[in-house]
Amino acid sequence: MGDFASFTEFLQMGKHGLYVWLSYGIALVIFIYNISSVVLLKRAFFTKAKRQLKREENAS
Amino acid sequence: MTLKLPQWFYQLASPRWFYEFSGKLLPWFSAVAIILLLTGSVWGLVFAPADYQQGNSFRIIYVHVPASILAQSCYMLMAVAGAIGLIWKMKMAHIVAQSCAAFGASIAVISLATGAIWGKPTWGAWWVWDARLTSMLVLLFLYVGVIALRGAFENTQSADKAAAVLSLVGLVNIPIIKYSVEWWNTLHQPATFTVTEKPAMPPEMWIPLLIMVLGFYCFFSVILMHRARLEVLQREMKTSWVQTLIKSL
């Protein structure tokens with residue numbers, strides 16, 4: 001498989017498995033954080049804005 | 001004297017136009033970002049050859065270098081957008097600057113964390129107070145400072161102005177990061193990519209790196225557009241087009 005003889009070797013990354021996977025893991029977590037925070041903020045905004053508009057409509 | 005600017009500059013300044021235009025761009029940028037990031041990481045992790053000195057720990061380069069480049073580009077965009085906002089009183093520019101801050105801070109964290117993890121097997125230490133690492137840490141603090149400063153104001157316009165001024169002052173750190181490896185003796189290796197010279201590594205190592213850099217930029221544009229669109233809606237809540245849009249959902 002690519003530059004590695006076996007899948008186990010790929011996971012071990014020489015003796016640097018921990019370092020390599022930790023780096024990619026951190027990057028992945030921060031990417032997911034960026035995506036999910038935008039999605040959650042957007043959802044929260046629309047729920048709040050809709051309720052507010054409805055309230056204004058009822059008041060007038 | 002008034003400066004004549006191209007028409008797209010004025011269009012871009014309209015939050016509504018931005019909202020509609022970015023809505024059309026988003027699916028394309030998202031697709032390209034996913035393709036580039038997947039290709040780049042599989043290529044870098046599986047197919048690129050191990051470094052003859054560093055072994056497989058060198059594969060960290062495929063997240064570390066793109067994150068570091070992007071953290072600086074994102075800062076420059078934030079500062080330039082802030083300046084445009086200050087000079088032309090453009091709402092949209094401040095919205096872009098605001099959207100850069102949180103993302104930039106998170107990417108600077110990736111750069112510093114992967115750098116520390118790479119430093120351990122390569123230099124034998126997680127952290128050294130070397131010029132490149134320290135100036136990069138200052139970049140993270142600048143991002144955090146801009147976010148905190150913005151949060152300290154109730155009034156959006158004052159927050160915009162203060163954040164723009166701080167980002168412009170912090171711009172001085174960018175050349176310091178860039179030249180830190182040349183001006184001082186550092187452990188950190190010099191730049192991987194330069195405009196004038198061919199990369200020192202073989203193509204099977206630098207092509208996936210280039211793909212990852214482009215992928216990181218695409219991901220940045222996607223998050224930036226999403227954040228800016230949300231900010232447009234929040235700031236333009238009083239306008240009829242936003243109210244119509246909210247009601248239609």
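The radius of gyration is taken here over C-alpha atoms, and the globule rule is 2.2 Å times the number of residues to the power 0.38. By this rule a compact globule of 60 residues would have a radius of gyration near 10 Å, whereas chain A has 23 Å. The structure is a predicted model, in which local features need pLDDT of at least 70 and side-chain atom pairs count only at pLDDT 80 or more, while totals for chains, interfaces and linings use all residues. Residues are numbered from 1 along each chain as its sequence is written, and chains are lettered from A and ligands numbered from 1 in the order in which they are written.

The C-alpha atoms of chain A fill a box of roughly 70 × 20 × 10 Å along the principal axes. Chain A has 2 helices and 0 strands, where helices (H or I, at least four residues) and strands (E, at least two) are DSSP runs numbered from the N terminus. Buried residues make up 13% of the 60 residues in this chain. A residue is termed buried if 20 or more other C-beta atoms lie within 10 Å of its own, exposed if 12 or fewer, and partly exposed in between, with C-beta atoms placed from the backbone.

The loop between helix H1 (7-12) and helix H2 (17-59) of chain A contains Met13(A). Met13(A) is not a glycine, yet has a positive phi of about 50°. In general, most residues other than glycine have a negative phi. Met13(A) is buried, as 20 other C-beta atoms lie within 10 Å. Lys15(A) is also found in the loop between H1 and H2 of chain A, but counts as exposed, with 11 C-beta neighbours inside 10 Å. The C-alpha atoms of Lys15(A) and Arg51(A), 36 residues apart along the chain, are separated by 56 Å.

Chain B has 9 helices and 0 strands, and its C-alpha trace spans about 60 × 35 × 35 Å along the principal axes. Of its 249 residues, 39% count as buried. Contacts were assigned to residue pairs whose C-beta atoms, placed from the backbone, lie within 7 Å. Among the contacts in chain B with a separation of 6 or more, 77% are accounted for by residues 24 or more positions apart.

A positive phi is also found in chain B at Lys89(B), a residue other than glycine, with a value near 50°. Lys89(B) is placed in the loop between helix H3 (61-88) and helix H4 (91-123) of chain B and is partly exposed, with 13 other C-beta atoms within 10 Å.

The expected span of a helix is 1.5 Å times one less than its number of residues. On this basis the 33 residues of H4(B) should span 48 Å, and the end C-alpha atoms of H4(B) are 47 Å apart, in agreement. Because 26 of the 33 residues of H4(B) are buried, the helix is largely enclosed by the rest of the structure. Just after H4(B), Gly124(B) takes a positive phi of about 85°.

A nonpolar core is a set of buried Ala, Val, Leu, Ile, Met, Phe, Trp, Tyr and Cys residues joined through C-beta atoms within 7 Å. The largest such core holds 68 residues, of which Cys74(B) and Cys100(B) touch the most other members. At least two residues of this core are supplied by each of H2 of chain A and, in chain B, helix H2 (15-47), H3, H4, helix H5 (131-151), helix H6 (156-170) and helix H8 (203-235). Beyond residues up to four places away in sequence, Cys100(B) touches Cys74(B), Leu77(B), Met78(B), Ala81(B) and Leu224(B).

Between the chains, 26 residues of chain A are in contact with 34 residues of chain B. H2(A) provides 19 residues, the largest share of the side of chain A that touches chain B. That side divides into 18 nonpolar, 5 polar and 3 charged residues; Ala, Val, Leu, Ile, Met, Phe, Trp, Tyr, Cys and Pro count as nonpolar, Asp, Glu, Lys and Arg as charged, and the others, Gly among them, as polar.

Ile117(B), placed in helix H4 of chain B, counts as buried with 25 C-beta neighbours inside 10 Å. Residues up to four places away in sequence aside, Ile117(B) touches Tyr19(A), Leu22(A), Ser23(A) and Ile60(B). The C-alpha atoms of Ile117(B) and Ile60(B), 57 residues apart along the chain, are separated by 8.5 Å.

Note on methods
Two residues are in contact if their C-beta atoms, placed from the backbone, lie within 7 Å.
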